[in-house]
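Colleague: I'd like to go through this one with you and hear what's behind each label you use. Please give me the cut-offs as we go.

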Amino acid sequence: HNGLTGGQVVRNIIISYLQESSGLKPFKETVLDIQHCIENSFPASRYFPASASAVIYNIQRKELWMVGDCQALVNHQLFCNKKKVDTILSEARALAINALLSQGISETELMIEDKARELILPFLQLQRNFENTAGPFGFLVFNNHSMEEELLDEQGIVIQIPDHATVVLASDGYPYLKDSFEETEEKLRKILIQDP
């Protein structure tokens, strides 16, 4: 949409809301407000389904909020909000990679053309069905088509942050969090070299 992916559009709506917010509203009310902004300004019925995760540090309330798969390091303690479906699909992808390697396809070929991802793509596309649903595969996320209030009690994460805490926020794209952005990026760089 206007050169942006759906996730980027949703991200921009979330950021815009937070920039205008006083930060005084509690987690549930804030998340529902953001969700309504997304549904009203970028409805799936008019555009296309889109979603984004967010980890938000509310300075006013001294709380860390997690919606979707994201992570945080608070005083060296890791908090993750991983999706069960991601664990299953990463195992399926590992299975596909190993099967392709056993058929004689080289690692270099797989890095050029990701055939393992192609094999699990139908399942990757199915996970949208579990957005903002209850059940073993359901997960909470900001999207432009649905969110049930009850799910915030079941799947939303609110963490109290002590005074003078060190807080690191990240998406699930970082396998390991360190105390600084530079250290986190360096760890990711090493992982990408060792195990692309």
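Modeller: Of the 196 residues in the protein chain, 35% are buried. Buried means under 20% relative accessible area, exposed means over 50%, and partly exposed is in between (1.4 Å probe, protein chains only). This is a predicted model, where local features need pLDDT of at least 70 and side-chain atom pairs count only at pLDDT 80 or more, while totals for chains, interfaces and linings use all residues. Residues are numbered from 1 along each chain as its sequence is written, and side-chain values use heavy atoms, with hydrogens and water left out.

Colleague: How many helices and strands are in the protein chain?

Modeller: The chain has 7 helices and 8 strands. The C-alpha atoms fill a box of roughly 60 × 45 × 35 Å along the principal axes.

Colleague: What span is expected for helix H2, and what does H2 reach?

Modeller: H2 covers residues 27-41, which is 15 residues, and its first and last C-alpha atoms are 21 Å apart.

Colleague: Which residues of H2 are buried, and what do they pack against?

Modeller: The buried ones are Phe27, Thr30, Val31, Leu32, Ile34, Gln35 and Ile38. Their partners include helix H1 (6-20), strand E3 (63-67) and helix H6 (149-155). Contact here means heavy atoms within 4.5 Å.

Colleague: Why is threonine 184 called buried?

Modeller: Its relative accessible area is 3%, under the 20% limit, so threonine 184 is buried. Threonine 184 sits in helix H7 (residues 181-194). Leaving out residues up to four places away in sequence, threonine 184 touches Tyr174, Tyr176, Leu177 and Lys178.

Colleague: Why does isoleucine 59 count as exposed?

Modeller: At 61% relative accessibility, isoleucine 59 is over the 50% cut-off, so exposed it is. Isoleucine 59 is in the loop between strand E2 (54-58) and E3. Together with Tyr57 and Leu169, Ile59 forms a nonpolar surface patch with about 280 Å² of accessible area. Patch residues have over 30% relative accessible area and no salt bridge; nonpolar side chains (Val, Leu, Ile, Met, Phe, Trp, Tyr) are joined within 5 Å, like charges within 9 Å. Areas come from the Shrake-Rupley method with a 1.4 Å probe, and for residues only the protein chains shown count as cover.

Colleague: How do you know that cysteine 70 is in no disulfide?

Modeller: A search of the whole structure finds 0 disulfides. For cysteine 70, the nearest cysteine sulfur belongs to cysteine 80, 9.0 Å away. A disulfide is a pair of cysteine sulfur atoms within 2.5 Å, so at 9.0 Å the two are too far for a bond. Cysteine 70 is buried at 6%, whereas cysteine 80 is partly exposed at 33%.

Colleague: What makes aspartate 163 and lysine 62 a salt bridge?

Modeller: The rule asks for a side-chain nitrogen of Lys or Arg within 4 Å of a carboxyl oxygen of Asp or Glu. Aspartate 163 and lysine 62 meet at 2.5 Å, N to O, so they qualify. The pair links distant parts of the chain, 101 residues apart: aspartate 163 is in the loop between E7 and strand E8 (167-171), lysine 62 in the loop between E2 and E3. Lysine 62 is partly exposed, at 36%.

Colleague: How many salt bridges does the rule give in the count?

Modeller: The count comes to 10. Among them, lysine 25 and aspartate 33 meet at 2.5 Å, and arginine 189 and glutamate 186 at 2.6 Å. Arginine 189 and glutamate 186 both lie in H7, 3 residues apart, about one turn of the helix. Lys28, Glu149 and Asp153 are linked in a salt-bridge network.

Terms used
Helices (H or I, at least four residues) and strands (E, at least two) are DSSP runs, numbered from the N terminus. The expected span of a helix is 1.5 Å times one less than its number of residues.
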